Amino acid sequence: MKTKSLLLLSALLFIACQYSLSQSTGNQVVDQILSAYSPRSYTTAAVTDQQIDLILKCGIKAPSARNNQPWHFTVVNNEAIMKEIIPAAVAGNVLFVISGKESETGTTPDFDCGLTTENMFLGATALGLGARIYGSPVAAAIKIREKLQIPAGFKPVIILRVGNIEKTADAASGASPRKAADEIVNYVK
Ligand SMILES: Cc1cc2nc3c(=O)[nH]c(=O)nc-3n(C[C@H](O)[C@H](O)[C@H](O)COP(=O)(O)O)c2cc1C
């Protein structure tokens, strides 16, 4: 009985946590961050060149250690090449292969690539598009690095897939649940 009550309480706390994340805070940027999610299903409607440029601008604006900007962006919207990297990609998607500078010492190119990727993820989401970050297909991108014309000295670190969301398949409620703050935060006063 005690276990059942504890389970029920945990479930209620979890639901309350997810609910509070979905509430409007009155701040557009914060609301954007709290409501963002990573869809897997997209229509074949094309991401426009203007949207691609804006997403790249968001990435280029990201902070980096010593402002080294140790990244290179490869924009792929050829369907066959996209599928070589992410088989589930569809026409209309665009993949941003984000490569990090290999020879950086004393800095954190992988971390910086993560920051630029999240800026682009949020930029794409703010434009009403869907975006999902992919780590596993990096190996496939490395295999075809010549075809992707990735400059020497750079190595693919992460991939961002962007597209128009298939709304019937994905709902904002499809976002993965997050841990409760009291599980992962401590305060030192
Ligand atoms: C570094 C990194 C690597 C990821 N790699 C993959 C991947 O290989 N395949 C995939 O489907 N999703 C991948 N994701 C997406 C995560 O699974 C997703 O961001 C997480 O489950 C949160 O989902 P939500 O944004 O919908 O809440 C990756 C995310 C990050 C940040």
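This dialogue goes through a predicted model of one chain, feature by feature.

Q: What kind of model is this, and how are its residues numbered?
A: The model is predicted, so local features need pLDDT of at least 70, side-chain atom pairs count only at pLDDT 80 or more, and totals for chains, interfaces and linings use all residues. Residues are numbered from 1 along each chain as its sequence is written.

Q: What is the mean pLDDT of the chain?
A: pLDDT is the predictor's confidence in each residue, from 0 to 100. Here the chain has a mean pLDDT of 89, with 85% of its residues at 70 or more. Over residues 12-17 the pLDDT is below 50, and this stretch has three contacts in the model beyond near neighbours in sequence, a contact being two residues whose C-beta atoms, placed from the backbone, lie within 7 Å.

Q: How many helices and strands does the chain have?
A: Helices (H or I, at least four residues) and strands (E, at least two) are DSSP runs, numbered from the N terminus. The chain has seven helices and four strands, and their order from the N terminus is α-α-α-β-α-β-α-β-α-β-α.

Q: Which strands pair with β2?
A: Two strands pair if DSSP finds at least two bridges between them. β2 pairs with β1 in the antiparallel sense over six bridges, where Trp71 stands opposite Gly100 in β2. β2 also pairs with β4, again antiparallel, over eight bridges, and there Leu95 stands opposite Arg161 in β4.

Q: Is β2 mostly covered or mostly open?
A: A residue is buried if 20 or more other C-beta atoms lie within 10 Å of its own, exposed if 12 or fewer, and partly exposed in between. Of the eight residues in β2, seven are buried, while in the chain of 189 residues buried ones make up 24%.

Q: Which residues touch the most other members of the largest nonpolar core?
A: In soluble globular proteins, nonpolar side chains tend to be buried together. A nonpolar core is a set of buried Ala, Val, Leu, Ile, Met, Phe, Trp, Tyr and Cys residues joined through C-beta atoms within 7 Å. The largest one here has 25 residues, and Leu95, Phe96, Ile98, Ile159, Leu160 and Val162 touch the most other members. Leaving aside residues up to four places away in sequence, Phe96 touches Phe73, Val75, Met120, Ile159 and Leu160.

Q: Why does Gly135 count as exposed, and where is Gly135 found?
A: Gly135 counts as exposed because 9 C-beta neighbours lie inside 10 Å. Gly135 is found in the loop between β3 and α6 (138-143).
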